[in-house]
Amino acid sequence: MDYILEEEQKKIKENLAASFIRCRRMQNMTQNELAQRTGIARSNIARFESGKYNPTVEFLVKVCKALGKDLSIELI
């Protein structure tokens, strides 16, 4: 059961990071530019995009706002 939960969490984190990368790249924005706009260290953004950082809601909101997006979390 723990393995299934870990795999599900990994999949969610990968999908989330891929969405953020896609949005950032569509705006031709570098990780450095995103870091400057959010006040978040570029290393944390890189770790998030690589799946090695477990972001807080605050982190996600800051990045979304810097990308001109809204954050929506839904349970299905």
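Let me begin with Phe20, which is in contact (heavy atoms within 4.5 Å) with Phe48, Leu60, Val63, Cys64 and Leu67, leaving aside its neighbours within four places in sequence.

Before going further, a word on conventions. This is a predicted model, in which local features need pLDDT of at least 70 and side-chain atom pairs count only at pLDDT 80 or more, while totals for chains, interfaces and linings use all residues. Residues are numbered from 1 along each chain as its sequence is written, and side-chain values use heavy atoms, with hydrogens and water left out.

As for confidence, pLDDT is the predictor's own score for each residue, from 0 to 100. The protein averages 93, and 100% of the residues score at least 70.

Now the overall architecture. The C-alpha atoms fill a box of roughly 40 × 25 × 20 Å along the principal axes. Of the 76 residues, 28% are buried; buried means under 20% relative accessible area, exposed over 50%, and partly exposed in between, with a 1.4 Å probe and protein chains only. Of the contacts with a separation of 6 or more, 47% are between residues 24 or more positions apart. The protein exposes about 5,800 Å², of which carbon and sulfur atoms supply 51%, the areas coming from the Shrake-Rupley method with a 1.4 Å probe and, for residues, only the protein chains shown counting as cover.

I return to Phe20 and its surroundings. Which residues have the most contacts inside the largest nonpolar core? They are Phe20, Leu34, Ile45, Phe48, Phe59, Val63 and Leu67, in a core of 14 residues. Such a core is a set of buried Ala, Val, Leu, Ile, Met, Phe, Trp, Tyr and Cys residues joined through side-chain atoms within 4.5 Å. Helices α2, α3 and α4 each supply at least two residues of this core, and the largest share, five residues, comes from α4.

Spanning residues 31-38, α2 has Gln31, Leu34, Ala35 and Thr38 buried. Seen down the axis, these buried residues fall within an arc of 100 degrees, so they line one face of the helix; the arc is taken from the directions between the helix axis and the C-beta atoms. An α-helix has 3.6 residues a turn, so residues three or four places apart point the same way. The buried residues of α2 pack against α1 (2-26), α3 (42-49) and α4 (57-66), whereas Gln36 and Arg37 are exposed on the other side. After α2 comes Gly39, whose phi is positive, near 80 degrees.

Next, a charged side chain. Glu49 lies in helix α3 and counts as buried because its relative accessibility is 13%. The Glu49 side chain makes a polar contact with the side chain of Arg24 at 2.7 Å; a polar contact is a pair of N or O atoms within 3.5 Å, where within protein one must be able to donate a hydrogen and the other to accept it, and residues adjacent in sequence count only if both atoms are side-chain atoms. Not counting residues up to four places away in sequence, Glu49 touches Ala17, Ile21, Arg24 and Gln31.

Finally, Lys13, in helix α1, is partly exposed, with a relative accessible area of 29%. Lys13 touches Gly51, Tyr53 and Asn54, again not counting residues up to four places away in sequence. Lys13 and Pro55 are 42 residues apart in sequence and 9.1 Å apart in space, C-alpha to C-alpha.

Terms used:
Helix = DSSP H or I, 4+ residues; strand = E, 2+ residues; numbered from the N terminus.
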